[in-house]
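Here's a quick walk through one model, from the overall fold down to a few aromatic side chains. Have a look at it first, then read on.

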Amino acid sequence: MAPQDNRPPPPPHRPGAISLFFVCKAAVFAAGFWTWLVVLAFDEGAASGMHLLAATGAITTTLVSVILGVRMALQANAAERHAELKRLLVDISWNAFAAAGNAESPANVVPFPTMAYEGLTSVRPPGDGDRDRRR
């Protein structure tokens, strides 16, 4: 029999530092462009190509940081849903395995239990293996 593994399950995959790095990088560039645009706006001069470049950079980098942030949030949400789905599949599989071990009669199809039964366990009572050897 294999030794029991009492370690907690691994956490679900979450978007890591790479995604967060690019979101923060785009936000820093956006802050720089917005600062440059504010400095140019308070300068005593007519609008020039530098103003247009600062405004274009500020808008573009802001949109990029928002889009990357939304993408990272959607990935984190999808990872949580995927982990929950995997847990649900393991529960269903375990319930079917337990039902097969406690089935009263041999059959090709094991019905999936829809309610929790008090006697439903995955461990067979002593001597239950003798029934299998007699066949």
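Among contacts in the protein chain between residues at least 6 apart in sequence, what percentage join residues at least 24 apart? For this predicted model, the answer is 54%.

Of its 135 residues, 15% count as buried. The accessible surface comes to about 11000 Å², with 67% of that belonging to carbon and sulfur atoms.

Now zoom in on helix α1, which covers residues 17-42 and holds C24. C24 counts as partly exposed because its relative accessibility is 40%, between the 20% and 50% cut-offs. C24 and G69 sit 45 residues apart in sequence, yet their C-alpha atoms are 8.9 Å apart in space.

What about the aromatics? Searching the whole structure turns up two aromatic pairs. The F21 and F22 pair is edge-to-face because the ring planes meet at 70°, past the 60 degree cut-off. The F33 and W36 pair has its planes at 40°, so it's a tilted one. Both F33 and W36 belong to helix α1, three residues apart, or about one turn of the helix.

| Residue | Relative accessibility | Class |
|---|---|---|
| F21 | 48% | partly exposed |
| F22 | 41% | partly exposed |
| F33 | 22% | partly exposed |
| W36 | 27% | partly exposed |

On centre distances, the rings of F21 and F22 are 5.3 Å apart, while those of F33 and W36 are 6.2 Å apart.

Definitions and conventions: Residues numbered from 1 in each chain as written. Predicted model: local features only at pLDDT ≥ 70, side-chain atom pairs only at ≥ 80, totals over all residues. Heavy atoms only, no water. Buried < 20%, exposed > 50% of the residue type's maximum accessible area, 1.4 Å probe, protein only. Contact = heavy atoms within 4.5 Å. Areas by Shrake-Rupley, 256 points an atom, 1.4 Å probe, with all protein chains shown as cover. Helix = DSSP H or I, 4+ residues; strand = E, 2+ residues; numbered from the N terminus. Phe/Tyr/Trp six-rings, centres within 6.5 Å; stacked < 30°, edge-to-face > 60°.
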